[in-house]
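Thanks for making the time this morning.

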Amino acid sequence: MTQNLILGSSSKYRQSLLKRLQIPFTTLSPDIDENQLPDETPEKYIERITKAKAEALKSQLDDNSILITSDQCATFDGIIIGKPLTKQKACEQLQSFSGKTVTFLTGLYTYSSLSQQSRYILSEFKVSFRELSTCEIERYIDLESPLDCAGSFKCEGLGVALFEKVEGQDPTSLVGLPLIETCKSLRLLGMNPLA
């Protein structure tokens, strides 16, 4: 029996990543409150939001579905960094990162409505920025307009020109969906992308 794959996200970045696995999927958009709770660590926040997205969608699944949800935050000095939304805020974010390291935390939750099995993992990825001039920052933002990206850059595009180095096990987690762990979760739930 073929299982239906569902991505619980409206993110164009996550959809583009999941397409790489060449498994047909549909999307659902969870409607949840994504505000951070007082004294909630970034790690606990990501786990709570990633799982809450799935809980909000489980009632919409049929009896033979695999659901994937994910959430990501960028942290700098232990504080969650939001999406800049404006050019000025993007400039401020990138100026504060110059010569420093930002840590990206990406939560991945998979759930099978058939077996009721679920799996959660947290993927960490570090981005070290080189020393950036104001001119370079403004030019980058004008060229790529990363206003909807936490951290104010797109690593899959020109954003790589801002980096000194990156550290992590799965570079796709930086874009918003760790595909190595996604494949592992899918195999555990009976959906092997190479089967």
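What follows is a short tour of this model, with the conventions given as they come up.

Please keep in mind that this is a predicted model, in which local features need pLDDT of at least 70 and side-chain atom pairs count only at pLDDT 80 or more, while totals for chains, interfaces and linings use all residues. Residues are numbered from 1 along each chain as its sequence is written, and side-chain values use heavy atoms, with hydrogens and water left out.

Helices and strands here are DSSP runs, numbered from the N terminus, with helices being H or I of at least four residues and strands being E of at least two. The axes of helix H3, residues 87-97, and helix H4, residues 134-144, come within 10 Å and cross at roughly 135°. That makes H3 oblique to H4, since angles under 35 degrees count as roughly parallel, over 145 as roughly antiparallel, 65 to 115 as roughly perpendicular, and the rest as oblique. Those axes are lines fitted to C-alpha atoms, for helices over the stretch in contact, and the angles run from 0 to 180 degrees between N-to-C directions.

Which residues in H3 and H4 meet? On the H3 side they are Lys87, Ala90, Cys91, Leu94 and Gln95, and on the H4 side Thr134, Ile137, Glu138, Tyr140, Ile141 and Asp142, where contact means heavy atoms within 4.5 Å. By class, the contact of H3 with H4 has 6 nonpolar, 2 polar and 3 charged residues; Ala, Val, Leu, Ile, Met, Phe, Trp, Tyr, Cys and Pro count as nonpolar, Asp, Glu, Lys and Arg as charged, and the others, Gly among them, as polar.

Turning to the interior, a nonpolar core is a set of buried Ala, Val, Leu, Ile, Met, Phe, Trp, Tyr and Cys residues joined through side-chain atoms within 4.5 Å. Buried means under 20% relative accessible area, exposed means over 50%, and partly exposed lies in between, with a 1.4 Å probe and protein chains only. The largest nonpolar core has 42 residues, of which Leu5, Phe129 and Phe153 touch the most other members. Apart from that core lies another, of 7 residues, among them Ala54, Leu57, Tyr109 and Tyr111. Leaving aside neighbours within four places in sequence, Phe153 is in contact with Phe104, Val127, Phe129, Tyr140, Pro146, Gly159, Leu162 and Phe163.

Is glycine 8 buried or exposed? Glycine 8 is buried, with a relative accessible area of 0%, and beyond four places in sequence it touches Leu28, Pro30, Lys53, Leu57, Leu67, Ile68 and Thr69. The C-alpha atoms of glycine 8 and leucine 67 are separated by 6.7 Å, although the two are 59 residues apart along the chain.

Two strand residues come next.

Glutamine 22, in the loop between helix H1 (12-19) and S2, has phi near 60°, a positive value in a residue other than glycine, and is exposed at 72% relative accessible area. Glutamine 116, in the loop between strand S5 (101-112) and strand S6 (118-129), has phi near 65°, also positive, and counts as exposed at 54% relative accessibility.
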